[in-house]
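Dear colleague,

Please find below the structure for your review. A summary of the findings follows directly after it.

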Amino acid sequence: MMKNFTIGQYYPVKSPIHSLDPRTKITCVFIFIIALFLAYDYYSYANTIIFSLIMIVLSRVPLKTILKALKPIIIFVLITALIHAFLTPGTEVWRWGVLKVTKEGLNQAVFTACRLILLIGVSSLLTLTTTPISLTDGMESILGPFKRIGLPAHELAMMMTIALRFIPTLLEETDKIMKAQVSRGADFISGNLIKKSKALVPLLVPLFISAFKRAEELALAMEARGYHGGEGRTRMRVLRMKSADWISLGLVSAFLVYMGFYRWFM
Amino acid sequence: MMKFEIKDTVKISIMAALSFLIMLIEFPLPFMPPFLKLDFSEIPALLIAFSMGPLGAVMVELIKNLLHLLKTTSAGIGELANFIVGAFLVVPVGLVYKWNKTKKGAYIALAVGIVSMTVFSSIFNYLVLLPLYAKVLGFPTDAVVAISGEMNSMIVDIKTLIAFGIAPFNFIKAIIISLIVAVIYKRLSPILHR
């Protein structure tokens, strides 16, 4: 079925970006996205492009891999750009029948395409350079302060971790059950919507039963080993901010300030 | 505020993993805008809504979308939409069933869930989602209408997009999911309540 399936898209190399703290990377991506939304002309978009290219070079992730991550949105970007090119009112530069392209429309098309590509590209860079597990650790730590208002940060991270661990197992299980049912004559591919939905039942029932059994076993194993939630728990990987983290945060914040300054004062 | 037993934590996690996998299998419906894809990923959350209550079901939806965020193609808006629309279905089901735990109660719960998902997700699309798409991704609502109009000529503006596109889509999706759950829940309930 889904061979070579990966959750996330981690690209394993050693690079200054890979070795940053996940909290730094998550925060930096957020700050960069805000800065990206402040861009409004060719000069400021050029700045954001250069800044992202520097990040990509530092991450040692090949440009080809990042372009592959952008592939699912390419058609969406093209349609969006075309709509802006044709539908923005302004000075006309080219006309074909009722369709006309305006100067403002062309600018708008370039800007929107840039924004979308950078938005998805930079967030892909985050998942390309950080493993899902360390992203989860980072999320738990960032959400930590919200525990006071009742947000279950630790439980959330624990659930993410367990889910991540069980996705490959369950995928294998699904494959096995599918093959077993196909060998008994089940048909998952042909037929209309109702037939397809009906075909799901003999797949789902054994799948859920085995999933619940696994859940029971794991809960028992955790209880037996004295798992008791977040308070006072030690961990194998302790997150520590290093000087490189503070420098990166400083650089991205400086970039945001610069973009804000350019937008409103220049 | 939220404290789950270990058993429940693990159940929620594994159901979320399953629902993430089910979410990857999606197919378009005829006569519907192409960006609306049918998937059955609410089934595990509904099972949890019946066996554990609305809070657990919301957690399943949340974890599923956090996992999906790792491979988002819409800067998280698609995941936000899926989470909220999913919650519109599973929360009422969990609440109604909690109040009346009979077979009749389960059917009423599913009916309420179907209505809630159809009505609230239409309102949510109109007020929040379509404007958010236009603002953040620069994809104007007019263009969404134009693309949807290609598939279904009754869609001419944002109101008809919701009336003839989004609302029937969510209605059909909720009914199909509820039917599947109604069929499989009976066979699963012994193991769910062990």
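This is a predicted model: local features need pLDDT of at least 70, side-chain atom pairs count only at pLDDT 80 or more; totals for chains, interfaces and linings use all residues.

On the side of chain B that touches chain A, at least two residues each come from α1 (6–23), α2 (43–51), α3 (54–68), α5 (103–136), α6 (141–151) and α7 (158–192). Helices here are DSSP runs (H or I, at least four residues), numbered from the N terminus. The largest share, 14 residues, is supplied by α1(B). By class, this side of chain B holds 41 nonpolar, five polar and seven charged residues; Ala, Val, Leu, Ile, Met, Phe, Trp, Tyr, Cys and Pro count as nonpolar, Asp, Glu, Lys and Arg as charged, and the others, Gly among them, as polar.

In total, 53 residues of chain B are in contact (heavy atoms within 4.5 Å) with 57 residues of chain A. The two chains bury about 5,000 Å² between them, 84% of it on carbon and sulfur atoms; buried area is the accessible area (1.4 Å probe) lost on putting the parts together, summed over both. In chain B, Ile6(B), Ile14(B) and Leu70(B) lose the most area to chain A, together 14% of what that side buries.

Within chain A, helices α3 (residues 63–70) and α5 (residues 103–129) pack at about 115° with their axes 9 Å apart. Axes are lines fitted to C-alpha atoms over the stretch in contact, and angles run from 0 to 180 degrees between N-to-C directions. Thr65(A), Ile66(A), Ala69(A) and Leu70(A) of α3(A) meet residues of α5(A) including Ile117(A) and Leu128(A).

The axes of α7 (residues 153–183) and α8 (residues 193–224) of chain A come within 10 Å and cross at roughly 140°. Their contact has 13 nonpolar, four polar and two charged residues.

Residues are numbered from 1 along each chain as its sequence is written, and chains are lettered from A and ligands numbered from 1 in the order written. Local features need pLDDT of at least 70, side-chain atom pairs count only at pLDDT 80 or more, and totals for chains, interfaces and linings use all residues, while side-chain values use heavy atoms, with hydrogens and water left out.
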